[in-house]
Amino acid sequence: MKEVYFVTDNIVSPLGKTTGENFECIQNGTVGVKEHTDKSFSPDPFYASIFDSDFFSSTQKGSTNFEKLLQYSISDAMAGADVDPSDGKTILIISSTKGNISLLGSGGEQSDKTIQISLHESAKKIAEYFGFKEQPIVVSSACISGLVALITAKRFIQAGLYDTAVVAGADIITSFIFSGFYSFQALSNEVCRPFDAARKGINLGEGAATVILSADEKYKGNIKIGGGAVSNDANHISGPSRTGEELHQAIRNAMKEAGVSADEIDFISAHGTATIYNDEMEAKAIGLSGLQDAPLNSLKGYFGHTLGAAGLIETIITKQSMIANVIVPTPRYENQGVSVKVNVCNTIQHTPIRHSLKTASGFGGCNAAVVLSK
């Protein structure tokens, strides 16, 4: 089986426009989640990680903000790699939960908006912008979209269908998205506290990320995706499994594919939304997987929950952590608030990291896990 390596990547968020800028910020304890008073989202102040209004005015004209984010992130990642988008063995994969959903509230003919809102239309537009020859693939599977896109790319490359994959994800926070989470009473009125006894819910976030993957042996010294798996608990449209068994299945299968045992996992980058039920389910899954002692963090306090970009952003940070042998702390974590022990880091740790686990879960009961290895 071919090994699949990271070639280069990008993160663009309110913390920075490159992977390096973002990783430096979170190592310094800088968080992107702040209080906002935009009444188009909420009549009350709210906490989120969102771009300044002038960010999009300086990027590509003639595209929606969602598409501009993707264009910016992909451009930066491709600038650091020898990738020919016109090569038929190179594939573009886009992950997002909502794409151009904000157009539902805009003017214009309904038929035009329907075309623009379609995720495949955005993917087509991005592919044409960069000159990709192959038809792009869209992954929209709630909040595991980014990890599913990585797993899909890995499988395409290992099957010999493509040599290189450009995997990009993005989401913009709109009043439509905000109102959905508000209706669930899932939003925190402070910077979120994943796995903490005092947690109140999630913070939303905007961002984009791009990962370029290849099986070329010249990248053999790079971090690789050793294994990846997906599962679904079919419990409820918005409520996760009460046992964690199904996320455990994804973790177990990802580790099996990677040829890694539980005691070899040096670090876990958890989904860690800071909602009551998700954190509880994830802790149970980690316990079932025998990983309760592995150092763990959640990045949601830095970036907010970036939806379709979350899996990619957090995987890139995991990769950077492995390179630097550094585990960044979980912001504001103080006291365990889940029934099963998890080893949440609340201070920065310098430790050798050879194998890492990244997890994600989402609406509809979907779960995903990826193992990264040196």
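**Close-up 1. Helix α7 packs against helix α8 in this predicted model.** α7 spans residues 245–258 and α8 residues 276–288. Their axes (lines fitted to C-alpha atoms over the stretch in contact, with angles from 0 to 180 degrees between N-to-C directions) lie 8 Å apart at about 50 degrees. That makes α7 oblique to α8; angles under 35 degrees count as roughly parallel, over 145 as roughly antiparallel, 65 to 115 as roughly perpendicular and the rest as oblique. Glu245, Leu247, His248 and Ile251 of α7 meet Met281, Glu282, Ala285 and Leu288 of α8, contact being heavy atoms within 4.5 Å. By class, the contact has five nonpolar, one polar and two charged residues. Ala, Val, Leu, Ile, Met, Phe, Trp, Tyr, Cys and Pro count as nonpolar, Asp, Glu, Lys and Arg as charged, and the others, Gly among them, as polar.

**Close-up 2. Helix α1 crosses helix α10.** The axes of α1 (residues 19–27) and α10 (residues 310–324) come within 11 Å and cross at roughly 70 degrees. α1 is therefore roughly perpendicular to α10. Thr19, Phe23 and Ile26 of α1 touch Ile316, Ile317, Gln320, Ser321 and Ala324 of α10. This contact has five nonpolar, three polar and no charged residues.

**Close-up 3. Three strands form an open sheet in the order β2-β3-β7.** Pairing is mixed and requires at least two DSSP bridges between two strands. Helices (H or I, at least four residues) and strands (E, at least two) are DSSP runs, numbered from the N terminus. β2 (34–36) and β7 (204–205) each have a single partner strand, so one side of each lacks a neighbour in the sheet. β2 pairs with β3 (residues 46–49) in the antiparallel sense over three bridges. Histidine 36 stands opposite phenylalanine 46 in β3.

**Notes.** Residues are numbered from 1 along each chain as its sequence is written, and side-chain values use heavy atoms, without hydrogens and water. In this predicted model, local features need pLDDT of at least 70, side-chain atom pairs count only at pLDDT 80 or more, and totals for chains, interfaces and linings use all residues.
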